[in-house]
Amino acid sequence: MTTVSGEFELTMDELRVVARYVAESAQEVLPVFEETVPGDPRPRAALDAAWEFINGAKRTRLQRVTSLDAHRAAKEAGTEAARLAARSAGDAASAAYLHPIARATQVGHILRAAASAARIAELSAADDPAVGNMLIEQARQRATPVLIAVLSRYPLAPTAKNRVAQLMSTLDASLRASV
């Protein structure tokens, strides 16, 4: 089994579990970007690259390049929801390259897409936080023991004042409490 070493080790199988979790969240919200910015293929390409890795392909330059492209598309999107959807697709592709270093910023690569999906749902429901909280609970239930074990190797999610960061911190705490 191939592993990636740093302050701890991550196996390719573990990275695929993380990438699947992120890609599932990104898949749900990709239509938000595509409806807002029709004709921009970058987030879809990133999500496709993520699924290639998840389904057994080696991680390659494809995941890195498409991730960066999706993040560029996010910066250019005209709405918060479209930006979050494109960034989620970029996060799915970049999850193949999660770093095995104990930094809180790495937690974003694991949980930000789920938090972004929850925020997009809130925006669609007239900024109703109950909707976001419901989606965070669904994301918690979707997490596998392997995903939680990987997450537990990292410090807690960084705290911030924006709503996506708040949702991510809530998800992080609930996943760690389930161990």
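Is Ala126 buried or exposed? Ala126 is exposed, at a relative accessible area of 72%; point 4 returns to this residue.

1. Basis of the note. This is a predicted model, in which local features need pLDDT of at least 70, side-chain atom pairs count only at pLDDT 80 or more, and totals for chains, interfaces and linings use all residues. Residues are numbered from 1 along each chain as its sequence is written, and side-chain values use heavy atoms, with hydrogens and water left out. Helices are DSSP runs of H or I with at least four residues, numbered from the N terminus. Buried stands for under 20% relative accessible area, exposed for over 50%, and partly exposed for what lies in between (1.4 Å probe, protein chains only).

2. The nonpolar core. A nonpolar core is a set of buried Ala, Val, Leu, Ile, Met, Phe, Trp, Tyr and Cys residues joined through side-chain atoms within 4.5 Å. The largest one here has 56 residues, and Tyr21, Ile110, Leu111 and Leu175 have the most contacts inside it. At least two residues of this core come from each of H1 (12–36), H2 (42–54), H3 (61–76), H4, H5, H6 (129–142), H7 (145–151) and H8 (163–177). H1 gives the largest share, eleven residues. In soluble globular proteins, nonpolar side chains tend to be buried together. Contact, here and below, means heavy atoms within 4.5 Å. Setting aside residues up to four places away in sequence, Leu111 touches Tyr21, Leu151, Met168, Leu171, Asp172 and Leu175.

3. The H2 and H3 pair. Axes are lines fitted to C-alpha atoms, for helices over the stretch in contact, with angles from 0 to 180 degrees between N-to-C directions. The axes of H2 and H3 come within 8 Å and cross at roughly 150°. The two helices are therefore roughly antiparallel, a term for angles over 145 degrees. Their crossing is left-handed, that is, the near helix is turned anticlockwise from the far one by less than a right angle. On the H2 side the contact residues include Arg42, Glu52 and Phe53, and on the H3 side they include Leu62, Arg72 and Glu76. By class, this contact has eight nonpolar, three polar and five charged residues. Here Ala, Val, Leu, Ile, Met, Phe, Trp, Tyr, Cys and Pro count as nonpolar, Asp, Glu, Lys and Arg as charged, and the others, Gly among them, as polar.

4. Ala126 lies in the loop between H5 and H6 and has a positive phi of about 55° although it is not a glycine. Asp127 is in the loop between H5 and H6; its phi, also positive, is near 65°. Most residues other than glycine have a negative phi. Asp127 is partly exposed, with a relative accessible area of 43%.

5. Ser116 belongs to helix H5 and is buried, its relative accessible area being 1%. Apart from neighbours within four places in sequence, Ser116 is in contact with Leu84, Arg87, Ser88 and Val164. Pro100 sits in the loop between H4 (80–94) and H5 (105–124) and is buried, at 6% relative accessible area. Pro100 and Tyr154 are 54 residues apart in sequence, and their C-alpha atoms are 8.5 Å apart.

6. Thr159. This residue is in the loop between H7 and H8. Thr159 is exposed, with a relative accessible area of 74%. Its C-alpha atom is separated by 29 Å from that of Met12, 147 residues away along the chain.

How values were computed: Parallel < 35°, antiparallel > 145°, perpendicular 65-115°, else oblique.
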